[in-house]
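Have the sequence and the 3D view open as you read.

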Amino acid sequence: MSDPDKGPAIEVAGVHKHFGRVHAVRGVDLAVRQGEFFGLLGPNGAGKSTLINILAGLTHPDQGRAAICGYDVIANYRKARRALGVVPQEVVFDPFFTVREVLAIQAGYFGLKGPDNKAWREELLAALMLTDKGDANMRTLSGGMKRRVLIAQALVHRPRVVILDEPTAGVDVELRASLWVFIRRLHAEGHTIVLTTHYLEEAEALCERIAIMQGGGIAALDTKEAMLRRARSKTLRVTIAGPAAVIPPQLALKLRKRTDTTLEFALQQGSDSIPEVLDALRAAGHVVTDITTEQANLEEVFLELTHRRISPPDGLSPDPALPAA
Ligand code: ADP
Ligand code: MG
């Protein structure tokens with residue numbers, strides 16, 4: 001069972017991992033198909049990076065098994081690792097190497113020393129807009145550039161499966177946009193992509209299927225469309241003119257935000273009717289001049305599923321580590 005063209009790109013079965021008393025991954029089962037663009041979301045401390053480290057063979061699970069393209073990550077470590085490129089969450093480099101040296105060393109790990117790989121490394125530098133930084137020492141690069149080197153490093157051996165652990169955390173908007181383009185290109189070229197991100201709109205824009213991890217387990221796993229349909233609410237924004245009027249009592253509970261000129265209601269899909277809301281407003285003396293509606297987005301689904309806001313990147317908030325079991 002090791003034909004990399006068949007079967008799932010990633011397979012995880014019954015995986016558990018403890019760090020002391022912290023049960024970081026608790027019984028995860030997961031299969032990611034070849035060529036899929038898969039999102040792995042969840043609050044800080046959910047166990048995403050631990051699961052990724054297990055896939056990369058950096059951490060061994062206490063229980064269960066994991067495979068990349070059919071290769072067991074422990075029993076068949078070399079083949080599994082050859083099929084996988086991981087862009088880690090933490091940026092750690094030897095500051096004395098240049099960008100080209102970092103990539104050449106990585107190629108060396110995989111025994112790729114020929115001119116073909118050298119040409120590929122130059123292609124990666126160009127695609128990631130690093131060509132003119134190729135001979136710069138790592139320590140002279142900005143955070144965003146280091147992150148791009150990390151991506152190039154993960155791709156040096158042309159892995160079939162690429163896992164990016166928060167590649168855009170703390171990266172400016174412009175670079176994020178160019179990374180999206182690059183990651184989309186990798187996917188279009190046939191790579192299986194797994195992306196973890198703090199930016200839910202990023203997962204919404206890019207991923208075909210999404211798993212939400214929480215407390216070491218998978219709280220939800222579905223196609224993006226089905227995930228979005230889980231959202232129970234929809235936003236109705238009403239622009240009003242004229243003198244302030246009271247909000248009818250039957251709408252008060254649905255009112256989420258109010259300014260002098262706008263009212264924002266959270267409507268339950270299926271049960272609340274927009275015409276009824278507008279009729280009630282008019283009956284109370286409001287003059288409605290415009291309305292817009294907005295479907296729930298992934299952020300709202302995420303909040304409903306996890307009851308917590310996804311934490312900002314870069315340690316802006318303390319890591320809410322799992323309580324000791
Ligand atoms: P995520 O990537 O979803 O933020 P992590 O996998 O990094 O989550 O962490 C899951 C839990 O495991 C957290 O409680 C974290 O503090 C703990 N943890 C992760 N790595 C280690 C480690 N090397 N030693 C001890 N605890 C760890
Ligand atoms: Mg992480």
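A polar contact here is a pair of N or O atoms within 3.5 Å; within protein, one must be able to donate a hydrogen and the other to accept it, and residues adjacent in sequence count only if both atoms are side-chain atoms. Before using that, some housekeeping: this is a predicted model, where local features need pLDDT of at least 70, side-chain atom pairs count only at pLDDT 80 or more, and totals for chains, interfaces and linings use all residues. Residues are numbered from 1 along each chain as its sequence is written, chains are lettered from A and ligands numbered from 1 in the order in which they are written, and side-chain values use heavy atoms, with hydrogens and water left out.

**Around the ligand**

Which residues are closest to ligand 1? They are Gly45, Gly47, Lys48, Ser49 and Thr50, out of 13 residues that surround ligand 1 (near means that a heavy atom of the residue lies within 4 Å).

| Residue | Polar atom in | Distance to an oxygen atom of ligand 1 |
|---|---|---|
| Ala46 | backbone | 3.1 Å |
| Ser49 | backbone | 2.9 Å |
| Thr50 | side chain | 2.5 Å |

On its own, ligand 1 has 560 Å² of accessible area, and the protein covers 68% of that (Shrake-Rupley method, 1.4 Å probe; for residues, only the protein chains shown count as cover). Two elements, β2 (22-32) and α1 (48-55), each give two or more residues to the shell. Helix α1 gives the most, with three residues. Helices (H or I, at least four residues) and strands (E, at least two) are DSSP runs, numbered from the N terminus.

By class, the shell has seven nonpolar, five polar and one charged residues. Ala, Val, Leu, Ile, Met, Phe, Trp, Tyr, Cys and Pro count as nonpolar, Asp, Glu, Lys and Arg as charged, and the others, Gly among them, as polar.

**A four-stranded sheet**

Now look further along the chain. An open sheet of four strands runs in the order β12-β13-β11-β14, with antiparallel pairing. Its edge strands are β12 and β14 (287-294), each pairing on one side only. Two strands pair if DSSP finds at least two bridges between them.

How many bridges join β11 (233-241) to β13? There are seven, and the two strands run antiparallel. Along this pairing, Lys234 stands opposite Leu267, and Thr239 has Thr262 as its bridge partner.

One pair to look for is Lys257 with Glu264. Strands β12 and β13 form a hairpin with three residues between them.

Is β13 (262-268) mostly covered or mostly open? Mostly covered: five of its seven residues are buried. Buried means under 20% relative accessible area, exposed over 50%, and partly exposed in between (1.4 Å probe, protein chains only).

**An exposed glycine, and the whole protein**

Gly20 counts as exposed because its relative accessible area is 72%.

Zooming out, the protein has eleven helices and 14 strands. Of its 325 residues, 47% count as buried. The C-alpha atoms fill a box of roughly 75 × 45 × 35 Å, taken along the principal axes.
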